[in-house]
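Please read it alongside the sequence and the model.

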Amino acid sequence: MGTHVIFSSLIGLLITPKLIGLMLLAIPLGIFFGCVPGLGGKLGIVLLIPFVYGMDPLPGAVFLLSMHAIVHTGGIVPSILFGVPTNGPEAPLLVDGYPMVRNGQAGRALGASLSAAGIGGMIGVICVALILPVVEPFVLSFSPIEFFWLAIIGITLISALAGKMLVQGLIVGCFGWLIGMIGLDPQTGVQRYTFNQLFLWDGFDVISGVLALYALPEMMQLGRGKRTRAAEPGVAIPDELAPSATHYTFAEVWDGVKDNFRYWGLTITTAVMGTFIGMIPGLGGEAAGWMCYAFAVSRAKKPERFGKGAVEGVIAPSTGMNAKEAGGLLPTLFFGVPAGSGMAIMLGALIMLGIKPGPMMIVHDLPLVWSLIWAIAISNLLCTGFLLVVGKHMSALAHIRASVLVPVVLVFALLGTYLAKNHWESLLVFAGMGAIGYVMRRNQWPRPCFIIGLVLGPTAELSFHKAFALHGYGFLTQPTSLVMMAVIALTLTLNLRKTYRRKPAGAAGEPGHASAVDRPVLPRR
Amino acid sequence: MNSKPLPGGRVRITSTAALSLTFLVIFVSAVVVAKLNYPAEAASMPLIIGGFGAALSLLQLITELRASRGAYEEQIDLKRDIPIYLWVWSFVIAVTAFGFVLAAPVMLFVYLKFRSRESWWLSLLLSLAVLGLLYGVFQVALGVPLFEGLATPRIKEWLMPGGDG
């Protein structure tokens, strides 16, 4: 891999007006999806699908990825200023960010967090740039056996995504896998579960599934009441502050920016941590934020300051949650194994755009890969700069009325569902599956497991058939398989132990026992 | 179903039990369809996943039914949930019948005015904005072929017999 690929991709991105224009358009959209409670990056991708319909792969992917990469940066503003974590990954910011605002340090908290997010995004990209040459031979050596086990490992991570609701998570994962079987069987060419319906012949796409199980339940949840301010369920909205508490000057913001350099060791370490967490399938943004926060607490000389407004408690999760975006690209692009539910949706969108994730990307599509990595870096920088200047005004988005938001999003969800396959019958499936998604949401069943099953199930099946055709059942006893099986057994054992140690608190069906993904649980202050 | 804690003692069909039952039916149906219709190679994975899912769903159903005998707070409130779900279906049916460009702005206006009780001007403004986006941006500028509905072509044909539709 030559350095010319790296820099020609960057220059190509910067000198192409269309690409720069799309990135500039993606930034306010990403901030919007990040600021408005109930939307978020996953919904952002699926709702923007209609807009990239028919676009070339590179502009479409740059647009979606730029939007997705900065969603958490956008979510920082309402999380810190109003104590409303619009999405799960921002929840750690409340622990120290909101107390800082209460202490009259709103500007410093925002400055520290926003600049940490920007720096985290950049360090994530640098880490990926350093890792790529090492990963290249490793990726190219993969055979169907490794891909099969990699997909199974990804599916096993349902146990981590499901949290206390392991059985429910597995049911939802199996449901996703079953839905993924609709269409042509890769082995025999037989049509499975199509029931002679033309619209099912080429399978059930990820976008429709996500819209039905995410967008619709979220909108129904927002639309069922007359709330004017929507917050993540299960996350208490703190008491309203006096308006003067959220007023700040640019000097205070700059003071917060300087905090990143004051705590440079923490900033760099948590950014690197976030990048590597992002690469591990199943962990996702929340894990990155909380793990980096825990790291900041563990290395502090006075840990008792945390929870009362320590600026390190704002820096660490901000760098981690943004750095993981670049890390998450690697398994998604090179193995077709998404690092989290957000990347699973991104994977579906990339496939829809005509990009074929897999090891061959490192051979044939490296300029595209680098363009995407640079897009993350540039959008992070632009977004950080933008929010540092006008963040206070963007925070009004957190108070947008659900009654206005619901029907508009519903229209775009319907549009996305239709455009994903160009079949009107998909609209009926959307509404039908949405009911299942809604009941799941109300009872906090872990919906991300559906996406994992839907995306990885068919990959696992296809790889299994290929490996079986090459080696017969003997592939199960090969050293690679034995190592992978050991990894899976270890992961499952650890997760099961963690789950059942906490019984009966996680008794099925009890409200208030959400997955780590659907419902962030804040630590006690 | 209501949102208040239910008195204990009797087994009830709660929303989570209904959900587990739904999944059980789906998985069992998938297994039966695979076993009866597909050759062994194509049926192998549906049988494994469907069978595993069915077993887990049954286990979950039993757990939910047992849990329903104790104090249980129902998460689904039909009085609040059915109306919004009917709105969703009304959007879907309207779009299916009349297509995006016609139905979406109209349904948006109706929702904003009569469900959300927003002002006339905001309802109208947002509906016109969506109309402009769907027709102007998607249909004309981007050339995206938007679904025109099942009824719209027939209405056009009825209004303009022999026209080019």
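A:Gln444 lies in the loop between α20 (425–442) and α21 (448–471) of chain A, where helices (H or I, at least four residues) and strands (E, at least two) are DSSP runs numbered from the N terminus. The model is a predicted one, in which local features need pLDDT of at least 70 and side-chain atom pairs count only at pLDDT 80 or more, while totals for chains, interfaces and linings use all residues. Residues are numbered from 1 along each chain as its sequence is written, and chains are lettered from A and ligands numbered from 1 in the order in which they are written.

Most residues other than glycine have a negative phi.

| Residue | Phi | C-beta atoms within 10 Å |
|---|---|---|
| A:Asn196 | near 60 degrees | 7, exposed |
| A:Gln444 | near 60 degrees | 24, buried |

A:Asn196 belongs to the loop between β2 (191–192) and α11 (206–224) of chain A.

In chain A, helices α2 (residues 17–35) and α3 (residues 40–52) pack at about 130 degrees with their axes 8 Å apart, the axes being lines fitted to C-alpha atoms over the stretch in contact, with angles from 0 to 180 degrees between N-to-C directions.

Between the chains, 52 residues of chain B are in contact with 50 residues of chain A, contact meaning that C-beta atoms, placed from the backbone, lie within 7 Å.

Definitions and conventions:
Two residues are in contact if their C-beta atoms, placed from the backbone, lie within 7 Å. A residue is buried if 20 or more other C-beta atoms lie within 10 Å of its own, exposed if 12 or fewer, and partly exposed in between; C-beta atoms are placed from the backbone.
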